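This explanation leads a new reader through one protein chain.

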Amino acid sequence: MTAPGSLIATWEIEGRRLAPLLDSVCAVVIAANDPSVAVSVAIGVARTHGQRRRVAIADLIGESPAIETQLTGDDPHGIADSFLYGVSLNKIARPMQGADNVYLMPSGTESVDHQEVYANDRWRRLAAGFHQVGALLIVVAKPQVPGFAELCGFVGALMPVGETAFPAPPGIPLIAAPAAPPPPAPTTDTPKRESKARAREAAQHDADSRRRRVWILLMLFAAVVAAVAALWPQITERLPAPVVALLSGKSPEPDTAALVVPPTPMVNVPPRDSVRRDSLGNLIGDRTPRDTTAVDSVAVAPLTIANPQDSASAARYAVYFATANTRAAAMPDPKIRSLEAVALSPVMEEREEWFRVTVGAAAARADAEALLARLRTEKIIGSGSIVAVPLAFRIESNVTTSLVPTRLAALASRGVIAYALRQNDGSAIIYTGAYESPSQATALAASLRTVGVAPVLVYRTGRAF
C-alpha cells in the first residue's frame, strides 16, 4: 500500500529533477490534470532554484494543502484579495518554511479559479518584473479553468506535468519534461578472453582512433574561433548592451528599473499628492519592505477622438512585445526599432506609470497573428500575444514616402518614438503610441505637449511599411 504523502514526495523529487529546465526562465505556469501533482512539482522546482535566486509561487488552484501547510503567519489575504480588491502583493507574499529565498502567494479569502483572476492582464506586468530582476515566478494553475490560455500568454511559458496530458493552448512555448532514464540493459554472458596479441592490437587501434578524434576536434575548434573573430564586429552589433559589456569585461550600469522600485514619473509631470504603497521588495529585491511613492498625472481635459468615422477601418491589432516600469528599461534596441510600427506607450495603471512596447498595425487580426508567428520563427520574440490598440496620436499627415525616415529621425531627436503607416493614396501618416481607450493615453498627451506637439488622438489607419 502507498504510504500517505509518498505520492506528493515523489512529485516534489520530480520537480527537483526538472528544475534545470527553468535555469533561463523567469516566469512559468506549471499545470497538471491533478492539481496536487502541479503544486508538488512547483515546490520541488522552487526549493532548487531558491538556493541561488528568489522564487515566488502563486496558488491559482485554491487553498492548496501543500502550500497552506508551508505558510508562515496567519494572514488570510492572498491572490484574490490583491487582484480583486487591491491588497498589495507585499502583504500577501510570505516566506515558505525552511526556504529563505522562496515566497508563497496563497489563493486568499475568495475563489481564484475563474476568468477574472486567470485572464487578468496584471500577470503580464508581474512576469515582466521578475524578468527584469532575474527572479522566478511560478504560477500553479488548473488547465480546465476559463482564462487558462490567456494566463499562459501573459506569463510566457507553460510546463505541463503529470502522467496524463491535457490540451495545451496554441502558440505558448512549452517546457517539456525530459523522459525518465531508461532501465539498465540486461546483462549478457562474458565474452571469451582474447589472446594477448589481439588485445594489444585492439588497444593500439583505440589509441589511434582517440588521437584522430582529438585532432579533428582541435581543428574544428580553431575554425570556429577564427570565424567568430572575423565576424565579431557584426555579432556585437546584434547583442544587447549588457551582454556586450559583460563579454568586454566592463561592468554594466546597475539596473535601476527593477520592479522593486516604483515607476519613474515622466519629467514633465510635477508631483501633486503622493500616495504610499508597498513594493515587491521582499519578493524579488531587498527583503526589508519599504514605502515608495507614486505621483498623480496633471489634470488635463478629457481626450476626444478626432476621427470617429474611421473606427471600422482602424488598424487596431498589434503584437504585444514587452512592458517595463521605466522608459529606459522599455526602450527597444535598434534591432526591435527596425520592425514595423513599433510603439512605446506610457500607460497609467493603479497610479503608476508603465511603458508598453507593441509591434505592428493591422486591420485584420489574421495579419497580426502572421506577424507574431514570423517574430517567433525569427527568434525575435519568445511568446507574445495579440492586443487591440486602435488609438494613437497623429503627429503629421500627407507625408511623402521619401520623407518618412527624415521625419521619424527628427522626432526621435526630440524624444518622441514615432512610426508611419501607409495610406491608400500612397502618402503616410506619422503616429506615436498605441492605446485601447482615450483614458489610457493621457500620460503621453501631457508628454507631447511639453515638446511642442499638439496631441491629436485618432483611430490609426493604414498599413505598416
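**A guided reading of the chain**

By the distance rule applied here, the count comes to 11 salt bridges. The model in which they are found is a predicted one. One of these contacts joins the side chains of Arg124 and Asp121, with 2.9 Å from N to O.

Arg374 takes part in salt bridges with two partners. With Glu340, the closest N and O atoms are 3.7 Å apart. Arg374 belongs to helix α14 (residues 365-377) and Glu340 to the loop between α13 (334-337) and β10, so this pair ties together parts that are 34 residues apart in sequence. Arg374 also forms a salt bridge with Glu378, where the closest N and O atoms are again 3.7 Å apart. Arg374 is partly exposed, with a relative accessible area of 36%; Glu340, at 28%, counts as partly exposed, and so does Glu378, at 40%. Elsewhere, a network of salt bridges links Glu12, Arg16 and Arg47.

The chain as a whole can now be described. It has 16 helices and 17 strands, and 45% of its 465 residues count as buried. Among contacts with a separation of 6 or more, 73% are between residues 24 or more positions apart.

What lies in the interior? In soluble globular proteins, nonpolar side chains tend to be buried together. The largest nonpolar core here has 34 residues, and Leu60, Ile79 and Trp123 have the most contacts inside it. Elements giving two or more residues to this core include β1 (27-31), β2 (55-59), α4 (79-85), α7 (122-133) and α8 (148-155). The largest share, five residues, comes from α8. A second, separate core of 32 residues includes Val28, Ile43, Val45 and Ile175. Leaving aside residues up to four places away in sequence, Ile79 touches a set of residues that includes Leu60, Ile92, Met105, Val117 and Trp123.

Helix α6 (residues 115-118) is the place of Glu116. This residue is exposed, with a relative accessible area of 55%. The C-alpha atom of Glu116 is separated by 8.3 Å from that of Leu84, although the two residues are 32 apart along the chain.

Just after α16, Gly452 takes a positive phi of about 80 degrees.

Strands β13 and β15 also belong to an open sheet of five strands, in the order β16-β13-β15-β14-β17, with antiparallel pairing. Its edge strands, β16 (456-459) and β17 (463-464), each pair on one side only. Strand β14 (residues 418-422) pairs with β17 over two bridges in the antiparallel sense, and Arg422 stands opposite Arg463 in β17.

The chain exposes about 24100 Å², of which carbon and sulfur atoms supply 57%. A nonpolar surface patch of about 770 Å² is made by Val214, Trp215, Ile216, Leu217, Leu218, Met219 and Leu220. Leu220, one of these residues, is found in helix α9 (residues 196-238).

Definitions and conventions:
Residues are numbered from 1 along each chain as its sequence is written. This is a predicted model: local features need pLDDT of at least 70, side-chain atom pairs count only at pLDDT 80 or more; totals for chains, interfaces and linings use all residues. Side-chain values use heavy atoms; hydrogens and water are left out. Patches are made of residues with over 30% relative accessible area and no salt bridge: like charges are joined within 9 Å, nonpolar side chains (Val, Leu, Ile, Met, Phe, Trp, Tyr) within 5 Å. Accessible areas come from the Shrake-Rupley method with a 1.4 Å probe; for residues, only the protein chains shown count as cover. A salt bridge is a side-chain nitrogen of Lys or Arg within 4 Å of a carboxyl oxygen of Asp or Glu. Helices (H or I, at least four residues) and strands (E, at least two) are DSSP runs, numbered from the N terminus. Buried means under 20% relative accessible area, exposed over 50%, partly exposed in between (1.4 Å probe, protein chains only). Contact means heavy atoms within 4.5 Å. A nonpolar core is a set of buried Ala, Val, Leu, Ile, Met, Phe, Trp, Tyr and Cys residues joined through side-chain atoms within 4.5 Å. Two strands pair if DSSP finds at least two bridges between them.
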